[in-house]
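Me: I would like to learn how to read salt bridges in a model. Could you walk me through them?

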Amino acid sequence: MRGPDPDAAALRAAARSVGRQIVLVSAVVVVAALALTIAWVLHQTVPSERLEQVAAARRGEVFISATDVVAGLVVLGLAGVVFAGVVSVVIARRAVRPLGDALRRQRRFVADASHELRTPLAVLDARLQALERKISGGAVAADAQVASDVAHLREDSRALIDIVGDLLEAAGGEDHDGGAPGVVDVDAVVAEVLGSMAVLADERAVRLELVAGGGEARVAVPRTSLRRSVLALVDNALGHAPEGSVVVTTVRVDGRDAAATVVIAVADRGPGITGIDPARVFDRFARADQPSGPASARPGFGIGLALVREIARRHGGDVRVAATSDTGTTIEVTLPLARPTAE
């Protein structure tokens with residue numbers, strides 16, 4: 001069963017916020033007008049008016065006291081505030097309706113595109129699997145390097161299928177992880193990712209380095225989700241790393257006891273984040289300025305880092321820009337340390 005729509009909840013919250021602001025402004029205006037009117041009425045009320053009231057009564061005229069005028073004004077003022085509140089809510093809902101339509105179209109596009117990609121990717125993976133079996137069975141002649149390349153191609157195809165699954169989950173299409181996650185060795189996953197990204201790094205003359213956590217860094221996150229997160233971080237770093245530089249991935253354990261966390265930090269030596277608040281690079285479809293030179297050949301589309309944040313928060317962690325300047329950027333993912341279970 002799917003939970004409540006986060007977009008609908010955000011729109012309702014936005015409408016309530018706009019409505020409250022309009023009501024507040026309306027209330028201030030009405031109260032100010034009432035206060036001025038009441039002050040004027042009371043100021044005009046003098047003892048000599050009492051004698052005029054008696055004379056007016058003898059002539060059959062109707063006299064309205066200042067107290068009645070003030071009470072009437074108060075009632076009318078309250079009615080005005082309530083009316084302004086109702087009108088403001090209606091206006092606010094109409095104002096945010098186009099935003100809701102845009103969010104729904106965005107989610108529908110991501111879901112539809114992901115569904116369309118799943119089939120060809122599944123076919124590609126099946127063909128690579130068949131080729132791998134033929135090579136291992138001797139039906140197709142291939143040296144060790146070709147066999148290794150085919151194996152890596154299949155790993156990459158599986159990674160693409162998993163990324164499409166993440167896109168579907170981000171669009172609200174399905175729960176892709178499913179089940180209780182097992183305990184995963186972070187060092188092993190990061191090393192696997194760096195091995196698969198070595199081809200791209202070699203093309204850019206960028207060196208990939210790993211500072212491992214010594215086997216103590218273990219998290220209760222599905223292996224595919226952790227791999228996608230690290231892959232997105234390293235890919236982002238490669239997209240901004242100058243030729244001949246180094247991208248360093250560090251795994252460490254911070255804290256002790258129940259508060260201990262595993263930190264995965266990916267640092268590049270690029271020009272830093274410009275054109276956008278660093279905290280917003282994890283927003284979906286947010287894009288920073290592209291660096292000049294060779295690094296600009298691989299633009300991003302604001303999806304990878306957003307998925308990193310969603311995966312991290314789904315499993316009790318978070319992600320942040322730890323440092324950024326013209327000498328490089330470091331992004332850190334923090335996840336709770338998984339404790340070994342007693343046998």
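This is a predicted model: local features need pLDDT of at least 70, side-chain atom pairs count only at pLDDT 80 or more; totals for chains, interfaces and linings use all residues.

Me: Which residue forms a salt bridge with Arg-227?

Reply: That partner is Glu-192, with the closest N and O atoms 2.9 Å apart. Arg-227 belongs to helix α7 (residues 223-240) and Glu-192 to helix α5 (residues 186-196), so the pair ties together parts 35 residues apart in sequence.

Me: Is Arg-227 buried or exposed?

Reply: Arg-227 is buried, at 11% relative accessible area, and Glu-192 is partly exposed at 28%.

Me: Which residues are linked in a network of salt bridges?

Reply: The network links Arg-252, Asp-254, Arg-320 and Glu-332. Within it, Arg-252 and Glu-332 form a salt bridge whose closest N and O atoms are 3.3 Å apart. Arg-252 sits in strand β4 (residues 246-254) and Glu-332 in strand β7 (residues 328-336), so this pair ties together parts 80 residues apart in sequence. Glu-332 also meets the side chain of Arg-320 in a salt bridge, at 3.0 Å from N to O. Here strand β7, holding Glu-332, is linked with strand β6 (residues 318-325), holding Arg-320, and the two residues are 12 apart.

Me: What is the accessibility of Glu-332 and its two Arg partners?

Reply: Glu-332 is buried, with 10% relative accessibility. Arg-252 is partly exposed at 30%, and Arg-320 is partly exposed at 45%.

Notes: Residues are numbered from 1 along each chain as its sequence is written. Side-chain values use heavy atoms; hydrogens and water are left out. A salt bridge is a side-chain nitrogen of Lys or Arg within 4 Å of a carboxyl oxygen of Asp or Glu. Helices (H or I, at least four residues) and strands (E, at least two) are DSSP runs, numbered from the N terminus. Buried means under 20% relative accessible area, exposed over 50%, partly exposed in between (1.4 Å probe, protein chains only).
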